[in-house]
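Let's take a friendly walk through a structure together.

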Amino acid sequence: MAEIQLKNVCKRWGSFIGVDNFDLTIADREFLVLLGPSGCGKTTTMRMIAGLEDATDGEIVIGDRVVNDLDPKDRDIAMVFQSYGLYPNMNVYENIRFPLKVRKVDPATHNERVMRAAAMVELEEFLHRKPAELSGGQRQRVALARAIVREPNVFLMDEPLSNLDAKLRVSTRAQIKNLQHELKVTTIYVTHDQIEAMTLADRVVVMKRGVIQQVGTPTEIYDRPANTFVAGFIGSPAMNLMDGTLAGGVFTASNVRIEGLSGPDGPVTLGFRAEDASVSASADGAEISAPVYTMELLGDATMITVRAGGAMVSVKAHKDYRIEIDETVGLSVPAHICHLFHKDTGARLEA
Amino acid sequence: MKHRTFFWFFLPTGLAMLIFIAAPIVSVVMQSFFVPHEAVLVETENCGPFGCTKSVTIDQEATEQLRANNPLGRFAGLDIYLDRGHLAVSEVAEAWRETDSLGAFFSDIGDLPFYRALAFTLTYTFVVTPLLIALGFAIALAVNSLTQRLKGVVIFFSLLPMIVTPLVGSLILFWMIDSRGVLGTLIQYLADDPGLSLKASTSLMWGALITYGVWHSAPFAFVVFYAGLQTVPQDTLESARIDGASRWQQVWYVIVPHLMPLVTFVALIQLMDNFRVFEPIVGFNAAAHATSLSWIIFNDLGGETRQLSAAATTSVLTILGVAILLSPVLVRTWRDFKGKA
């Protein structure tokens, strides 16, 4: 049981800033996801918590101990790596038992604990195999079992699903979520996959170039992105962002005119989600009216894309909707689904 | 690859191997079955006023003729293998009969040149090989944990023993350990025995030779292991750190298993190399205390009468020795091959 506090943690290599002033408190038993594109500092942050990387500045507190100067093994954490990090010369049983063995836990308890951990990830029948004889999903489950066997205070997971194929990813994701619920251990999970973040997290931290962009529940992040970066990163497809001008509550840009907004006059960026908008019956009087750039069939919906406001704008239509390329279409974008952002800083403009 | 294509592809290599490797071995084996011709002797009787005397002379012409006709010599079968200079079967049997304890038996055997050489060669091989692997591994670990700037310099100095010509290297060490040398004096001081001298003490000489062997070959192991260390999977190492492994446990459970194939490789090469130990015996002038199979070959071929057959026989025995040393690995390779097929 541990709360983790990161107090103004920084990581610099020479003049390069990897993580800048990371300040966050992670509650006990929380499932926190660090989300961002490659090189945003999310993995570095996790490695600093693990002790594999030294923080240049700031304080890391796990439970009530400052752990900055502690070795990884003394921080009472367990970690799961993207490429599993298993011991290839040991079989599954020995891999799972390794943390108990090197920590000199009473040998009489080993068998029971290993079997319990193996049962949690359904590995009982593979205990005598070497990692090389397992599939990717099974290997990652071995890594999970090795992490839980010691019952640590904190789980750290560094893109554990990235090496798995799409189908396995979904089932392993569910397994991780369930494990965390059952074990009630504070978990920090790093990913660049926003769907993983949305499905797993109690809270998501979106990062960019070492700086936190937004911290919030998946719903908050999805419904009220703090800036254009978060808006453009979360959701599939990402939020449509158009540049234009707002004058007297009316947003105008090429092919676009949206009324009924409230915000300061001047240049702004307007965003809305493809699934919130719809195709209107006629092109006249619709908020966006433009020739179709492309039409994609997704199975559960049809995606219409047009050029508007200097960007590609996508809208989800009913799955039976059909239209030819270059035909003019009207898209209905009511004001209440729109988000306004500062044109230069990208920060959200509150109504 | 088709068999036909492979045949043409492999032909040049195969031919070269046949001419430069297989043929010489065959010729050495052949030679080991023949002994030089004895001179043709002619007995003549000279009768004079005081009676007849018989005298024996060498018929030079007939001898030349015989040597020209059969340049290999007289066929001797396994005689040379079994004679006193080599396997010494009858001497060993006699020693077995006449001694009543194993110690006495081995001390008798130790006087036979082949077994004397074999004893040192095997001791040298099996002491030096594990030590140099351990030392090379230790140096590799140490260098690998140095900062980038120091690495180059340290690697250069670590490689020096291998760069230095073996003969020169052993001579330098010999002079240092000699009773008038720096180390020799130190040893005398430490042992509190002013008479202690490398040239006079067999155990000291063996120790010096083995020390030299480790010093000379450790860089080879170091280079191989250092290269291997660069490929140790980092996340497995980090897993071990988080799982709670100490530095030693990381080395033992992650690095050593990862380097195991390289250990096999180094052991193989060094077993072969050390079994043919030669230069240090010359450099240390150690023949009085330690001889090796290679040294016997050299000794047989040197001097006024070049004993080709004796040298050939020792060579064949050396090759057999190397084959026996390597057989466990060869058997394993063969099994792996069969397993894959």
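Two residues are said to be in contact if their C-beta atoms, placed from the backbone, lie within 7 Å. With that in mind, take the contacts in chain A between residues at least 6 apart in sequence: 65% of them join residues at least 24 apart.

Before going on, a word about what you are looking at. This is a predicted model, in which local features need pLDDT of at least 70, side-chain atom pairs count only at pLDDT 80 or more, and totals for chains, interfaces and linings use all residues. Residues are numbered from 1 along each chain as its sequence is written, while chains are lettered from A and ligands numbered from 1 in the order in which they are written.

Now step back and view chain A as a whole. Its C-alpha atoms fill a box of roughly 80 × 45 × 35 Å along the principal axes. Domain 1 covers 4-228 and domain 2 covers 238-342, with bounds that come from an automatic or database domain assignment. Taken over C-alpha atoms, the centres of these two domains of chain A are 39 Å apart. Of the 351 residues in chain A, 41% are buried, where buried means that 20 or more other C-beta atoms, placed from the backbone, lie within 10 Å of the residue's own.

Chain A has eight helices and 20 strands; these are DSSP runs numbered from the N terminus, with at least four residues (H or I) for a helix and at least two (E) for a strand. Let's zoom in on strand β16 (residues 288-297) of chain A. Strands pair if DSSP finds at least two bridges between them. β16(A) runs antiparallel to strand β19 (residues 328-332) of chain A, joined by four bridges, and A:I288 sits opposite A:L331 of β19(A). β16(A) also pairs with strand β17 (residues 302-308) of chain A, in the antiparallel sense, over five bridges. There, A:L297 has A:T302 as its bridge partner. The two strands β16(A) and β17(A) make a hairpin with four residues between them, and A:G299 in the turn has a positive phi of about 100°.

Where do the chains meet? The contact takes 17 residues from chain A and 13 residues from chain B. On the chain A side, β6 (77-80) and α2 (92-102) each supply at least two residues.

Finally, visit chain B. Eight bridges connect β2(B) to the antiparallel strand β3 (residues 51-58) of chain B, and the pair forms a hairpin with two residues between the strands.

Technical notes. Buried ≥ 20, exposed ≤ 12 C-beta atoms within 10 Å, placed from the backbone.
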